[in-house]
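Here are my notes for a first read of this model. Please keep the structure open beside them.

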Amino acid sequence: ICLPNCPQALVAFYACMRIGAVAAQHNPLAPIEEIHQQLDRHHGKVAIVWEKSVDAFIREGDQALDCVFTVDISAQMPRSSRALLKLPIERARSTREQMRGERPKGTHSWDHAVARSRLVHPDTPGASAQDLAVILHTGGTNGVPKSVPLTHRNIGSNVNQCIMWVWKLHEGAETFYSLLPYFHAYGLTLLMCAAVRLAATQLVLPKFDVHLALEAHIDLTSMKWSLCGAMPLSQTLAQQWEEVTQGMVIEGYGMSETSPVIAGVPLAANRRHGALGLVFPSTDIRLVDLEDPSVDVEEGTPGEIIVKGPQVFSGYLGAPEETARVFTEDGWLRTGDVAVIRDGFLMMSDRKKELILSGGFNV
């Protein structure tokens, strides 16, 4: 699946989940060579891709894919919006060019196929908790490209943990401003899964653009709770955000290999901005010596975070050496992050990883 946030991305994902297929998620803006490397690792057979990204999935002489479906992301827009795209004016033409692309010969229209399809038979077998559900792609703890397989149990556990974390949400009564990409671990678990689990309405934008986001949501005071991750939140920014929205902002910590959340700042008056938070239920962490993960550091001393829990994956796809490198002999995942515990809160101290974080992505 290689789509920006759109209704078709949700339909394709849950179709895979229902029939027990594995959904390998791709960034539609990733370089072609990067997508080719990912395809070679997971050997997917069916591609459901944005029209603008389809060229990356058409390789001359490559018969690995059985079928390629292209998605018109404007097809699920409100009828009035689709009509505006057809206007003979520059803004409409520019927007249409950003959203639409040509469908190469030999590919199929996803939107037409879905319109002609029948409901899946209720006796169609699904998946078990231990079956693979999703494959994500990451630079991991050392920046080497890898694929992260997650089971239904991994993601389902983390969905329940996240819902317990943001405990003030009410089933069937919330609206999620879905700005995180569905193909990213945080967006997948929080929006693709937890929001649906809560029967929440989602406001979906195909890309993050400040002006577009504000245009779609002017009254910031309706944002009661905001979640952030991927880097420590500055106290100044958090205070400014809470003053403007009159709501709370809290921070989560994790990685693709943990589905992704390990810890979170509590949704409470005693929240601490800039902290990684409190460890999630059913999750164990230790802070260990940077050279010897069998030795726990003394309280108040920085150490590498290692973790066990139902959300922790079991190893990289087709990369046993990388898997062995990130797990200790007794099965703890080494995160590569260095933290210290202060007043019960997990605080980031340093990064053992030799990589750059750009916009929440590992480089």
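1. Start with Glu 242, which counts as buried at 15% relative accessibility. Buried means under 20% relative accessible area, exposed over 50%, and partly exposed in between (1.4 Å probe, protein chains only). The side chain of Glu 242 meets that of Arg 271 in a salt bridge, 2.9 Å from N to O. A salt bridge here is a side-chain nitrogen of Lys or Arg within 4 Å of a carboxyl oxygen of Asp or Glu. Glu 242 lies in helix H9 and Arg 271 in the loop between E11 and strand E12 (278-279), so the pair ties together parts 29 residues apart in sequence. Arg 271 is partly exposed, at 21%.

2. A word on the source. This is a predicted model: local features need pLDDT of at least 70, side-chain atom pairs count only at pLDDT 80 or more, and totals for chains, interfaces and linings use all residues. Residues are numbered from 1 along each chain as its sequence is written, and side-chain values use heavy atoms, with hydrogens and water left out.

3. Which residues of helix H9 are buried? In H9 (residues 235-245) they are Ala 238, Glu 242 and Thr 245. They cover an arc of only 80° around the axis, which puts them on the same side of H9. The arc is that of the directions from the helix axis to the C-beta atoms. These buried residues pack against strand E10 (248-254); contact means heavy atoms within 4.5 Å. The face turned away from the buried side carries the exposed Thr 236 and Glu 243. Just after H9, Gln 246 takes a positive phi of about 60°. Helices (H or I, at least four residues) and strands (E, at least two) are DSSP runs, numbered from the N terminus.

4. Next, the other charged pairs. The structure holds seven salt bridges. Glu 322 pairs with Lys 146, the closest N and O atoms being 3.7 Å apart. That pair links distant parts of the chain: Glu 322 in helix H10 (residues 320-326) and Lys 146 in strand E6, 176 residues apart. Lys 146 is buried at 3%, and Glu 322 is buried at 18%. Arg 325 also meets Glu 322, at 3.3 Å from N to O.

5. E1 pairs with strand E5 (residues 132-138) in the parallel sense over two bridges. Two strands pair if DSSP finds at least two bridges between them. Ala 24 stands opposite Ile 135 in E5.

6. Check the loop geometry. The peptide bond from Ser 259 to Pro 260 is cis, with omega near 0°. Pro 260 sits in the loop between E10 and strand E11 (261-264). His 43 has a positive phi of about 55° although it is not a glycine, and this residue is exposed at 55% relative accessibility. Asp 343 has a positive phi near 55° and is exposed at 65%.
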